[in-house]
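Here is a short tour for someone meeting this structure for the first time. Have a look at the sequence and the 3D view, then read on.

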Amino acid sequence: MYLIFIGPPGVGKGTQAKRICDHFSIVHLSTGVILRDEISNNSPVGKSAKTFIDVGQLVPDDVLLKMMSGRLAQNDCNNGFCLDGFPRTITQAEGLERILTNLNQSLDAVVSIVADEEELINRLVLRGSTSGRTDDTPEIIRQRLRVYRRQTEPLIEFYEQQNLIKAVEGVGKITEITERILNTLV
Ligand code: AMP
(Lines give C-alpha, C1' and ligand atoms only; values in the text may rest on other atoms or scores of the structure.)
Protein backbone atom coordinates (compact mmCIF):
# COMPACT_ATOMS: atom_id res chain seq x y z
CA MET A 1 0.00 0.00 0.00
CA TYR A 2 1.47 3.34 -1.10
CA LEU A 3 -0.26 6.25 0.61
CA ILE A 4 0.03 9.99 1.04
CA PHE A 5 -1.57 11.92 3.90
CA ILE A 6 -2.48 15.55 3.25
CA GLY A 7 -3.97 17.93 5.78
CA PRO A 8 -3.50 21.28 7.48
CA PRO A 9 -1.28 21.60 10.55
CA GLY A 10 -3.07 20.28 13.65
CA VAL A 11 -5.54 18.05 11.83
CA GLY A 12 -4.07 14.87 13.33
CA LYS A 13 -2.35 13.77 10.14
CA GLY A 14 0.71 12.36 11.97
CA THR A 15 -1.35 10.45 14.55
CA GLN A 16 -3.57 8.92 11.89
CA ALA A 17 -0.73 8.18 9.47
CA LYS A 18 1.06 6.22 12.21
CA ARG A 19 -2.06 4.20 13.05
CA ILE A 20 -2.71 3.37 9.40
CA CYS A 21 0.93 2.31 8.92
CA ASP A 22 0.67 -0.04 11.91
CA HIS A 23 -2.52 -1.48 10.44
CA PHE A 24 -0.92 -2.25 7.07
CA SER A 25 2.62 -2.88 8.45
CA ILE A 26 4.12 -0.24 6.20
CA VAL A 27 6.75 2.43 6.84
CA HIS A 28 5.66 5.80 8.22
CA LEU A 29 7.71 8.65 6.78
CA SER A 30 7.05 12.05 8.32
CA THR A 31 9.15 14.77 6.72
CA GLY A 32 8.55 16.99 9.78
CA VAL A 33 10.07 14.29 12.03
CA ILE A 34 12.94 13.64 9.59
CA LEU A 35 13.73 17.36 9.41
CA ARG A 36 13.55 17.80 13.21
CA ASP A 37 15.99 14.84 13.55
CA GLU A 38 18.33 16.57 11.12
CA ILE A 39 18.10 19.69 13.28
CA SER A 40 18.86 17.70 16.47
CA ASN A 41 21.89 16.20 14.73
CA ASN A 42 23.00 19.67 13.68
CA SER A 43 23.51 18.41 10.12
CA PRO A 44 23.89 20.83 7.17
CA VAL A 45 20.32 19.98 6.03
CA GLY A 46 19.09 20.53 9.59
CA LYS A 47 20.80 23.90 9.96
CA SER A 48 19.31 25.17 6.72
CA ALA A 49 15.85 23.66 7.44
CA LYS A 50 15.64 25.30 10.88
CA THR A 51 15.70 28.78 9.39
CA PHE A 52 12.51 27.97 7.43
CA ILE A 53 10.71 25.83 10.02
CA ASP A 54 11.08 28.42 12.80
CA VAL A 55 9.27 31.06 10.75
CA GLY A 56 6.54 28.72 9.49
CA GLN A 57 7.83 28.58 5.90
CA LEU A 58 8.37 25.50 3.77
CA VAL A 59 11.88 24.15 3.38
CA PRO A 60 12.90 24.51 -0.32
CA ASP A 61 11.63 21.85 -2.74
CA ASP A 62 15.09 20.76 -3.93
CA VAL A 63 16.13 19.92 -0.35
CA LEU A 64 12.98 17.84 0.23
CA LEU A 65 13.19 16.06 -3.12
CA LYS A 66 16.83 15.10 -2.62
CA MET A 67 16.13 13.89 0.91
CA MET A 68 13.05 11.87 -0.07
CA SER A 69 14.45 10.33 -3.25
CA GLY A 70 17.22 8.81 -1.11
CA ARG A 71 14.83 7.69 1.59
CA LEU A 72 12.22 6.12 -0.74
CA ALA A 73 14.88 4.05 -2.48
CA GLN A 74 15.69 2.22 0.78
CA ASN A 75 14.60 -1.40 1.12
CA ASP A 76 12.07 -0.85 3.89
CA CYS A 77 9.91 1.08 1.41
CA ASN A 78 9.53 -1.90 -0.94
CA ASN A 79 6.34 -3.17 0.70
CA GLY A 80 4.69 0.21 0.87
CA PHE A 81 4.83 3.47 2.79
CA CYS A 82 2.77 6.25 4.10
CA LEU A 83 4.07 9.74 3.38
CA ASP A 84 3.10 12.21 6.09
CA GLY A 85 3.83 15.83 5.21
CA PHE A 86 5.27 15.17 1.76
CA PRO A 87 4.61 16.32 -0.92
CA ARG A 88 3.60 19.80 0.20
CA THR A 89 3.86 21.64 -3.14
CA ILE A 90 3.01 20.85 -6.76
CA THR A 91 6.74 20.82 -7.58
CA GLN A 92 7.29 18.19 -4.89
CA ALA A 93 4.31 16.15 -6.19
CA GLU A 94 5.76 16.20 -9.71
CA GLY A 95 9.17 15.21 -8.33
CA LEU A 96 7.56 12.38 -6.36
CA GLU A 97 5.95 11.07 -9.56
CA ARG A 98 9.38 10.86 -11.18
CA ILE A 99 10.87 9.15 -8.10
CA LEU A 100 8.07 6.55 -8.00
CA THR A 101 8.26 5.88 -11.74
CA ASN A 102 11.98 5.18 -11.37
CA LEU A 103 11.25 2.79 -8.51
CA ASN A 104 8.41 1.10 -10.43
CA GLN A 105 5.90 2.07 -7.76
CA SER A 106 2.61 3.96 -7.89
CA LEU A 107 0.30 5.55 -5.37
CA ASP A 108 -2.82 3.74 -4.15
CA ALA A 109 -4.52 6.67 -2.46
CA VAL A 110 -4.13 10.18 -1.08
CA VAL A 111 -5.92 10.64 2.24
CA SER A 112 -7.05 14.24 2.73
CA ILE A 113 -8.02 14.99 6.34
CA VAL A 114 -10.13 18.12 6.80
CA ALA A 115 -11.23 20.20 9.80
CA ASP A 116 -12.52 23.65 10.67
CA GLU A 117 -9.75 26.25 10.99
CA GLU A 118 -10.73 27.46 14.50
CA GLU A 119 -10.56 23.86 15.70
CA LEU A 120 -7.05 23.55 14.23
CA ILE A 121 -5.75 26.72 15.88
CA ASN A 122 -7.13 25.64 19.28
CA ARG A 123 -5.56 22.19 18.97
CA LEU A 124 -2.18 23.55 17.93
CA VAL A 125 -2.01 26.15 20.68
CA LEU A 126 -2.80 23.36 23.16
CA ARG A 127 -0.16 21.10 21.59
CA GLY A 128 2.36 23.95 21.79
CA SER A 129 2.26 23.84 25.59
CA THR A 130 3.59 20.26 25.59
CA SER A 131 5.21 19.54 22.21
CA GLY A 132 8.30 21.65 22.73
CA ARG A 133 8.08 22.54 19.04
CA THR A 134 9.42 25.99 18.29
CA ASP A 135 6.81 26.41 15.53
CA ASP A 136 3.72 25.73 17.71
CA THR A 137 3.18 29.37 18.75
CA PRO A 138 -0.02 31.27 17.76
CA GLU A 139 1.74 33.58 15.28
CA ILE A 140 3.70 30.79 13.56
CA ILE A 141 0.64 28.52 13.56
CA ARG A 142 -1.33 31.14 11.60
CA GLN A 143 1.57 31.48 9.18
CA ARG A 144 1.72 27.68 8.70
CA LEU A 145 -2.01 27.62 7.97
CA ARG A 146 -1.59 30.38 5.35
CA VAL A 147 1.28 28.43 3.76
CA TYR A 148 -0.88 25.29 3.78
CA ARG A 149 -3.76 27.03 1.99
CA ARG A 150 -1.53 28.69 -0.59
CA GLN A 151 1.05 25.99 -1.34
CA THR A 152 -0.31 22.61 -0.21
CA GLU A 153 -4.08 22.76 -0.71
CA PRO A 154 -3.71 22.86 -4.54
CA LEU A 155 -2.43 19.28 -4.27
CA ILE A 156 -5.96 18.12 -3.51
CA GLU A 157 -7.06 19.20 -6.99
CA PHE A 158 -3.85 17.75 -8.47
CA TYR A 159 -4.58 14.30 -6.99
CA GLU A 160 -8.34 14.64 -7.55
CA GLN A 161 -7.57 14.66 -11.26
CA GLN A 162 -5.87 11.29 -10.79
CA ASN A 163 -8.89 9.98 -8.84
CA LEU A 164 -6.74 9.29 -5.79
CA ILE A 165 -8.30 11.56 -3.14
CA LYS A 166 -10.06 10.01 -0.13
CA ALA A 167 -11.47 12.87 1.95
CA VAL A 168 -12.04 12.23 5.65
CA GLU A 169 -13.47 14.48 8.39
CA GLY A 170 -10.76 14.91 11.05
CA VAL A 171 -13.00 15.79 14.01
CA GLY A 172 -13.95 13.04 16.46
CA LYS A 173 -12.29 10.30 18.47
CA ILE A 174 -8.88 9.13 17.22
CA THR A 175 -10.17 5.55 16.80
CA GLU A 176 -13.27 6.72 14.89
CA ILE A 177 -11.19 8.76 12.46
CA THR A 178 -8.90 5.76 11.85
CA GLU A 179 -12.00 3.67 11.05
CA ARG A 180 -13.23 6.33 8.62
CA ILE A 181 -9.86 6.29 6.85
CA LEU A 182 -9.74 2.48 6.68
CA ASN A 183 -13.27 2.43 5.26
CA THR A 184 -12.21 4.70 2.39
CA LEU A 185 -9.24 2.43 1.61
CA VAL A 186 -11.11 -0.85 1.12
P1 AMP B 1 5.13 19.07 10.17
O2 AMP B 1 5.75 18.32 11.31
O3 AMP B 1 4.65 18.15 9.07
O4 AMP B 1 4.07 20.04 10.62
O5 AMP B 1 6.29 19.95 9.51
C6 AMP B 1 6.94 20.96 10.26
C7 AMP B 1 7.68 21.91 9.34
O8 AMP B 1 8.69 21.19 8.61
C9 AMP B 1 6.83 22.59 8.27
O10 AMP B 1 6.15 23.74 8.74
C11 AMP B 1 7.90 22.94 7.22
O12 AMP B 1 8.65 24.06 7.62
C13 AMP B 1 8.83 21.72 7.29
N14 AMP B 1 8.41 20.68 6.32
C15 AMP B 1 7.91 19.44 6.59
N16 AMP B 1 7.64 18.77 5.46
C17 AMP B 1 7.94 19.62 4.43
C18 AMP B 1 7.85 19.53 3.01
N19 AMP B 1 7.37 18.44 2.40
N20 AMP B 1 8.26 20.60 2.29
C21 AMP B 1 8.76 21.69 2.87
N22 AMP B 1 8.85 21.86 4.20
C23 AMP B 1 8.46 20.83 4.99
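## A loop with a cis bond

Let's begin with P87, which sits in the loop between β3 and α5 (90-102). Helices here are DSSP runs of H or I with at least four residues, strands are runs of E with at least two, and both are numbered from the N terminus. The peptide bond leading from F86 to P87 is cis, with omega near 0 degrees.

A word on the ground rules: this is a predicted model, in which local features need pLDDT of at least 70 and side-chain atom pairs count only at pLDDT 80 or more, while totals for chains, interfaces and linings use all residues. Residues are numbered from 1 along each chain as its sequence is written, and side-chain values use heavy atoms, with hydrogens and water left out.

## Around the ligand

Which residues come nearest to the ligand? Out of the 17 residues around the ligand, those are T31, Q57, G85, R88 and Q92; a residue counts as near if one of its heavy atoms lies within 4 Å. Helix α2 (residues 31-40) gives the largest share of this shell, with four residues.

Now for the polar contacts, meaning pairs of N or O atoms within 3.5 Å; within protein, one atom must be able to donate a hydrogen and the other to accept it, and residues adjacent in sequence count only if both atoms are side-chain atoms. A backbone N or O atom of Q57 is 2.7 Å from an oxygen atom of the ligand. G85 has a polar backbone atom 2.8 Å from a nitrogen atom of the ligand. In the side chain of R133, an N or O atom lies 3.2 Å from a ligand oxygen atom. On its own the ligand exposes 480 Å², and the protein buries 95% of that (areas by the Shrake-Rupley method with a 1.4 Å probe; for residues, only the protein chains shown count as cover).

## A strand between two partners

Strand β4 (residues 109-114) has five of its six residues buried, so the rest of the structure largely encloses it. Buried means under 20% relative accessible area, exposed means over 50%, and partly exposed is in between (1.4 Å probe, protein chains only).

β4 pairs in the parallel sense with strand β1 (residues 2-6) over four bridges, and I4 stands opposite V110 in β4. Strands count as paired if DSSP finds at least two bridges between them. β4 also pairs with strand β5 (residues 165-169), again in the parallel sense, over five bridges. In that pairing S112 stands opposite A167 in β5.

Is S30 buried or exposed? With a relative accessible area of 9%, S30 is buried. It lies in strand β2 (residues 27-30), and the side chain of S30 reaches the backbone nitrogen of V33 at 3.1 Å. S30 and K18 are twelve residues apart along the chain, and their C-alpha atoms are separated by 9.2 Å.

D76 belongs to the loop between α4 (61-72) and β3 (81-84). This residue counts as partly exposed, at 36% relative accessibility. D76 and I26 are 50 residues apart along the chain, with 8.3 Å separating their C-alpha atoms.

## Two asparagines with positive phi

N42 has a positive phi of about 55 degrees, although it is not a glycine. You'll find N42 in the loop between α2 and α3 (44-53).

N163 is not a glycine either, yet its phi is positive at about 60 degrees. N163 sits in the loop between α8 (154-160) and β5, and is exposed, with a relative accessible area of 66%.
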